[in-house]
Amino acid sequence: MADMATDPLLADITGPTPGQMLRKRIFGHQGLLIGAVVLGVLVLVAIFAPWLAPHDPYAQSLMARMQPPVFLGGSWEHPLGTDHLGRDYLSRLIYGARVSLLIGTVAALISGVIGTAMGVAAGYFGGRVDAVVTFLINVRLAMPVVLVALAVVAIMGGSLQVVIVVLGLLLWDRFAVVMRSSTLQVRGREYVAAARAVGCSTPRILMSEIMPNIVNNLIVVVTLEMAHAILLEAALSFLGLGVQPPTPSWGLMVSEGKNMMLFEPWMVMIPGVVLFVLVLAINLMGDGLRDVTAPENRS
Amino acid sequence: MSDVNKDAPVLELRGVTKTYSVKQGLFGAPKPLTAVNDVTLTLGRGEVLGLVGESGCGKSTLAKILLGLEAPTQGEVLVDGERIDATDRRRLARRIQPIFQDPYSSLNPRKSIEDIVSLPLLVHNVGDAASRTKAVREILDIVGLPARVMQTYPSQMSGGQRQRVAIARALIMKPEIVICDEPTSALDVSVQSQILNLLGDLRSEFGLTYLFISHDLAVIEHLATRVAVMYLGRIVEEADVAGLFDQSRHPYTQALLKSVLTPDPGMGVPDTELGMEYPNPIAPPPGCHFHPRCPAAMDRCKIIAPLPIPTPDGHVECHLFDGDGPEPVRSIS
């Protein structure tokens with residue numbers, strides 16, 4: 001065998017591993033880091049809500065209704081004021097983070113499982129499976145999400161569980177579209193043909209050859225659909241058909257504040273801003289993940 | 001392997017045809033596309049059959065059929081006299097392995113080299129983890145890669161190194177037949193010869209039989225023992241490598257030989273006299289598929305498809321040889 005030090009063929013296998021390169025790109029991407037930090041803080045707030053909230057979010061006090069937040073001349077007793085039933089706004093915001101994140105995560109998870117299974121099957125098997133899945137995607141895309149969700153909630157009655165399940169069963173379209181096209185792309189690669197020629201079973205090819213190469217797209221869609229689900233929950237709650245009172249939900253808080261909007265605009269603005277920050281953080285993270293994992297950024 | 005009859009063909013194709021139906025437009029009726037048309041070939045043990053032809057002539061489809069990735073529409077493929085459609089896929093995988101064209105696409109970028117090379121062992125439940133690692137180390141050494149590459153990823157390697165990994169993966173199960181689908185066309189010229197020499201060395205070391213697909217006649221001449229020339233899905237000429245290069249019969253083969261680039265840049269790109277572009281395989285020309293581009297085309301070429309005519313070392317499909325022997329009926333110069 002040739003001398004390793006001098007043979008150009010054997011030298012120079014010293015570049016960073018894909019994992020090291022990924023780590024480097026993650027820590028070099030500002031949007032991703034900002035999004036991740038903000039989202040991380042909100043997740044921690046939701047988890048530790050009982051310890052962080054200064055008051056019981058359900059405790060009403062008709063003597064202390066609609067107190068302004070501290071920056072508008074209120075007291076530190078209620079830093080963000082109180083609502084029309086005298087409930088502490090900050091505590092309701094903190095508990096509301098639980099609702100938003102729960103709905104976002106679980107709805108994205110349900111639709112992710114449905115959409116990924118459909119998309120990967122369509123992309124890998126093609127033919128009739130693909131025709132059926134494409135048809136289902138088109139049917140789903142022809143349905144307006146909010147109207148269907150409203151109709152279902154109106155029939156089934158609004159509750160956290162119903163909202164989660166309805167959104168989970170409605171938001172799989174983007175997963176299916178993206179997973180189908182990425183699978184289609186990957187299955188044409190020669191390493192898939194090589195795995196088949198080696199005698200790999202179809203499940204093994206899907207799990208160990210296809211999935212690892214499309215999971216980056218999946219992560220991006222998960223973040224987008226999480227933000228989508230959170231916004232839809234807020235919209236449904238605002239319309240009175242989402243999470244039912246007295247559960248603290250940001251959309252519900254906007255809805256309850258809207259009657260007072262002309263006199264006490266902060267009642268709408270505070271939950272609105274928090275919702276905005278959460279969705280922005282998730283989208284920043286999704287954008288960042290897409291940049292970081294995009295093939296054109298690979299050297 | 002000593003009990004195996006040396007003369008029996010290790011790989012045999014009988015009248016293999018593959019037709020795809022291509023749909024044109026949303027409401028267009030599907031049209032048949034015959035990618036491989038009535039191909040009959042035999043490969044003896046230890047032979048290297050070079051398969052040449054232009055892009056799109058069906059070479060890669062033929063390779064997929066041999067690997068069991070596509071089923072032929074008609075005809076049968078036999079490995080050691082056993083039909084491959086009746087053979088278990090995993091059993092077939094132990095006998096026939098591929099080396100693909102593009103080493104940037106044939107290795108899963110998410111897997112380490114050890115995982116890639118040991119995948120066949122894992123799938124076939126050969127040995128335990130320790131013995132698999134040992135086998136990977138041995139085969140990497142045979143293809144000329146140091147053991148330390150085992151923990152690296154394909155993106156860290158050069159094209160030639162990756163192709164060596166692909167060769168290692170193909171050989172780790174000790175197959176009898178290796179289908180090389182243009183294994184050097186994606187590589188630098190300097191690396192091509194290394195890989196070709198490696199393939200030649202491995203053939204003698206393991207007693208491998210190659211089906212070597214290429215559009216580069218120089219590569220074929222270097223490695224092959226027999227050559228089959230493919231045009232629009234048909235084998236138009238088959239001969240021993242020396243015979244084909246000394247005395248090619250089919251006008252298409254002659255044009256291909258003319259197309260080989262010479263090292264002298266002053267001579268420019270050689271004129272193959274083929275003129276017209278490659279015909280549409282969905283609507284192949286009638287009669288002999290080659291007649292619109294053939295410098296020696298006669299009237300009957302436009303109507304009647306030529307039949308394979310046996311020659312001393314193979315066959316040729318051309319009306320020029322319709323007479324009483326392997327000599328041309330008419331000069332084609």
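This is a predicted model: local features need pLDDT of at least 70, side-chain atom pairs count only at pLDDT 80 or more; totals for chains, interfaces and linings use all residues.
## Backbone features in the loops

K174(B) is placed in the loop between helix 5 (159–171) and strand 7 (177–181) of chain B, where helices (H or I, at least four residues) and strands (E, at least two) are DSSP runs numbered from the N terminus. This residue has a positive phi of about 50 degrees although it is not a glycine, and with 12 C-beta neighbours inside 10 Å K174(B) counts as exposed. Residues are numbered from 1 along each chain as its sequence is written, and chains are lettered from A and ligands numbered from 1 in the order in which they are written.

N125(B), in the loop between helix 3 (113–123) and helix 4 (129–142) of chain B, is likewise not a glycine and has a positive phi of about 55 degrees; N125(B) is exposed, with 8 other C-beta atoms within 10 Å. In chain A, a cis peptide bond with an omega of about 10 degrees joins P245(A) and P246(A), and P246(A) lies in the loop between helix 10 (202–238) and helix 11 (250–257) of that chain. Most residues other than glycine have a negative phi, and most peptide bonds are trans.

## The sheet of chain B

Four strands of chain B form an open sheet in the order 2-1-4-5, with antiparallel pairing, two strands being paired if DSSP finds at least two bridges between them. Strand 2 (31–44) and strand 5 (82–83) of chain B stand at the edges with a single partner strand each, so one side of each has no neighbour in the sheet.

Strand 4 (residues 74–79) and strand 5 of chain B pair in the antiparallel sense over two bridges, and L78(B) stands opposite R83(B) in strand 5 of chain B.

## Helix 5 of chain B

The 13 residues of helix 5 of chain B should span 18 Å at 1.5 Å a residue, and the end C-alpha atoms of this helix are 18 Å apart, which agrees; the expected span is 1.5 Å times one less than the number of residues. Helix 5 of chain B is mostly covered, with twelve of its 13 residues buried, among them G160(B), V165(B), I167(B) and L171(B). What covers these buried residues includes helix 9 of chain A, together with strand 6 (96–99), helix 3, helix 4, strand 7 and helix 6 (189–206) of chain B.

Chain A has twelve helices and zero strands. Its radius of gyration is 24 Å, well over the 19 Å that the globule rule gives for 299 residues, so chain A is more spread out than a compact globule; the radius is taken over C-alpha atoms, and the rule is 2.2 Å times the number of residues to the power 0.38. Buried residues make up 42% of the 299 residues in chain A.

The contact takes 21 residues from chain A and 30 residues from chain B, two residues being in contact if their C-beta atoms, placed from the backbone, lie within 7 Å. On the side of chain A that touches chain B, helix 9 (190–198) and helix 10 of chain A are the elements that give two or more residues, and the largest share, eight residues, comes from helix 9 of chain A.

Terms used: A residue is buried if 20 or more other C-beta atoms lie within 10 Å of its own, exposed if 12 or fewer, and partly exposed in between; C-beta atoms are placed from the backbone.
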